[in-house]
Amino acid sequence: MDTHIPSTDTRLDKLAEVAVRVGLNLAEGQELVMTAGLDSLPLARKITEAAYKAGASLVTTIFADDQSALARYKYAREESFDAAPGWMYEGMAAAYRSGAARLAIVGDDPNLLAGQDPEKIARANRARSKAYRPALELITASAINWSLVPFANAAWARSVFPDVPEDVAVAKLWDAIFAATRANRPDPEAAWAAHNATLMAKRKILTERNFRALRFQGPGTDLKVGLADGHAWMGGISTARNGISSNPNIPTEEVFTTPHAAMTEGTVSATKPLAHGGTLIRDIRVRFEGGQVVEAHASTGEEVLQKMIGTDEGARRLGEVALVPHSSPISQSGLLFFNTLFDENAASHIALGQAYKKCFVNAKTLTDEQFAAAGGNSSLIHVDWMIGSASVDVDGLDASGNATPVMRKGEWAL
């Protein structure tokens, strides 16, 4: 499988090292469960090698294939779309409970399911979300060290660079990936340490300010996002409950926290398309009342959007709000990646669905009941979409409604 990277290019090896040593900070003797697309086999092999060199006890990789996934929507029986391999997700959850780390290599075709029945997509996503819930809860509760890392496959590259030959598109996407993940630096680990220090400083300031709400204002947007009681800001490196400090996203440029599930009001317009479940949803426009989506539209993919927010009651409420400066390297690349891992790190964003239990000052002792009472949202989904740009301002509001500038024209003012 050709990666379009010359054998003398060491950046893929560096990316594998970043995944293991920065993304996961894999502990000696720790097991690793990895998921990957078949196209990403070259990187999966390098990560496996790096993991064993770092002392992994066992690396198990579960591979998926886009064309096989597409075949399901074309030929599978109608009733099959309410099924998911629960046995596999139960096994993954069991591995995490036993101390395994989790790594996902991502690089989906954003147009894979274009033209397929949105109802089938929604049913399959709902079934998968229900089956995956035991494993997802361990991840959102930060019980384990986990991370995501990208791989440039041809289908994704064609979406990002549609006007050049495929081999050129893949090479250009790899250049962008290596820059964003800092795998093109002489010492990627040192570069990540410096970057994590910057993110840590921002999240410390925001946690200490303890704003009651954030207000986003820009074209098509006037949104007040209430923040959960006792919320804490996270971003960059974080320490899981197993005591291991890692970077859940490679790349990452965000600081984020937990909104209050009942305290979001106003209107918001997406500033980038959302690639969700093999469908591109463009020009999302949403209105909130009492923390809940009461109106949602999109210029394309609206039916998929409606199915997504109809997954369960929590799917209409926010589980994350994140701040990203417009000057972030991913934003300044000028590229639209059609991939949430990248596009969410080019713009401030919100996420519908499950909130992160780690985003609380007392996260280590927080019970499920306390999480809900503080405003934490629960759902089968967690879907990020971008609302920030160089035209969006953000204010922090205190308990009296007094405003403090947090971002102006997409840049930090705090």
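This is a predicted model: local features need pLDDT of at least 70, side-chain atom pairs count only at pLDDT 80 or more; totals for chains, interfaces and linings use all residues.
User: What makes the protein chain agree with a compact globule of 414 residues?

Analyst: The test is the radius of gyration. The globule rule is 2.2 Å times the number of residues to the power 0.38. For 414 residues a compact globule would come near 22 Å, and the protein chain has 20 Å, so the two agree. Along its principal axes the C-alpha trace spans about 60 × 50 × 45 Å.

User: How many residues count as buried, and by what cut-off?

Analyst: Buried means under 20% relative accessible area. In the protein chain, 54% of the 414 residues are buried.

User: What makes β2 and β4 edge strands?

Analyst: The open sheet runs β2-β1-β3-β4, with parallel pairing. β2 (58-64) and β4 (146-150) each have a single partner strand, so one side of each is left without a neighbour in the sheet. From one strand to the next the twist averages 15 degrees.

User: How do you know that β1 and β3 pair?

Analyst: Pairing takes at least two bridges. β1 and β3 are joined by four and run parallel. They therefore meet the cut-off of two. Val 33 stands opposite Arg 102 in β3. Helix α4 (residues 86-97) packs on this sheet and touches β1, β2 and β3. The direction of α4 makes about 145 degrees with that of β1.

User: Which strands does β5 pair with, and in what sense?

Analyst: β5 (residues 213-218) pairs with β6 (residues 221-227) over six bridges, in the antiparallel sense. Phe 216 has Leu 223 in β6 as its bridge partner. The hairpin of β5 and β6 has two residues between the strands, and Gly 220 takes a positive phi near 75 degrees. β5 is also joined to β18 (residues 393-397) by five bridges, again antiparallel. There, Gln 217 is partnered by Asp 393 in β18. Both counts meet the requirement of at least two bridges.

Note on methods
Residues are numbered from 1 along each chain as its sequence is written. Side-chain values use heavy atoms; hydrogens and water are left out. Axes are lines fitted to C-alpha atoms, for helices over the stretch in contact, and angles run from 0 to 180 degrees between N-to-C directions. Contact means heavy atoms within 4.5 Å. Buried means under 20% relative accessible area, exposed over 50%, partly exposed in between (1.4 Å probe, protein chains only).
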